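Trainee: Please take one part of this model and look at it closely, setting it in its surroundings as you go. I would like each term to be given with its cut-offs.

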Amino acid sequence: MLRGRGGAPWQPPPLAALAQVLRLEPGRRADVVCPLRRLERCLAPGARPAAFALFRPALAQLQRAEALFRPRGAARYAGAAVRAGHAPPPALPEVCFVGRSNVGKSSLIRALFSLTPEVEVRVSKTPGHTKKMNFFNVGKYFTLVDMPGYGYHAPQDFVEMVEAYLQERQNLKRTFLLVDGLVGLQKTDHIGIEMLEEFGIPYVLVVTKIDRASKGLLLKNVLDIQQFVEEKTQGCFPQLFLVSSVEFSGIHLLRCFIAHVTGNLPIAETN
């Protein structure tokens, strides 16, 4: 039995596990699993973007994905690197998370690993705390990489570190670029997107901190980002992923998508 501090039996945070979510009433359950559905109901009739519903896995698929993130999956911290050449061997399919400093990147990764207490993801109140590329192996299935934040608090060698990794890492399957749901796309986000587009790297936009934004503000920002993706990008997955690392909204769906893009969970996409 896993033990927490003081020797008490360890329990996952509320709603971190699907079993907890399934105890909610159906409407609330659907909103936690896929927060886009809540916003979808706010759209005018006939104005429902098709991209809102591209990735909608079944419950059994969500459960299979969650199993990868549980203790028996042997998730562990695999090391850090300040240069692409110093990274752990590319033995597994890999996904990486990038975003502006203070966008909630480390908090999101900690939420993804919330069912695996032996994996410690440090979260700091100081923007730009992550100065290295941190690698986490999820059993024999895939590796997740926490990249330094870009923007004002980025490390001095950010470009050399991150661009080299993105261009040279042959086992990289998808890059997740985080956008703050409170403020929407910022100038630095556009720079990050332009970098990924230039390199021809497939990526996904993840909207963070959705619990802190009003429904109206979040809907406006999501629709603006969705329009940008449709009109200005080539390599971005059309569906946005909305998450709250506090309420665990969208975390289960994101786990499932990570399992899917790393080849561990075949699911038919509708795009």
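Mentor: A residue is called buried when its relative accessible area is under 20%, exposed when it is over 50%, and partly exposed in between, with a 1.4 Å probe and protein chains only. The model is a predicted one, in which local features need pLDDT of at least 70 and side-chain atom pairs count only at pLDDT 80 or more, while totals for chains, interfaces and linings use all residues. Residues are numbered from 1 along each chain as its sequence is written, and side-chain values use heavy atoms, with hydrogens and water left out. The predictor's confidence in each residue, pLDDT, runs from 0 to 100; its mean over the protein is 86, and 84% of the residues reach 70 or more. Residues 1-5 stay under 50, and for them the model has eleven contacts beyond four places in sequence.

Thr143 belongs to strand 4, where strands (E, at least two residues) and helices (H or I, at least four) are DSSP runs numbered from the N terminus. Contact means heavy atoms within 4.5 Å, and, leaving aside neighbours within four places in sequence, Thr143 is in contact with Leu92, Pro93, Glu94, Val95, Phe135, Phe136 and Asn137. Strand 1 pairs with strand 3 (residues 133-138) in the antiparallel sense over six bridges, and Ala75 stands opposite Val138 in strand 3.

Helix 4 (residues 59-68) has Gln61, Leu62, Ala65, Glu66 and Leu68 buried. They cover an arc of only 145° around the axis, which puts them on the same side of helix 4; the arc is that of the directions from the helix axis to the C-beta atoms. An α-helix has 3.6 residues a turn, so residues three or four places apart point the same way. The buried residues of helix 4 pack against helix 1 (18-21), helix 2, strand 3, strand 4 and helix 9.

Helix 2 (residues 26-33) contains Asp31, which counts as buried because its relative accessibility is 14%. Not counting residues up to four places away in sequence, Asp31 touches Arg38 and Arg41, and its C-alpha atom is separated by 8.3 Å from that of Gly250, 219 residues apart along the chain.

For the protein as a whole, there are nine helices and seven strands, and 53% of the 271 residues count as buried. Among contacts with a separation of 6 or more, 74% join residues 24 or more positions apart.

Definitions and conventions: Two strands pair if DSSP finds at least two bridges between them.
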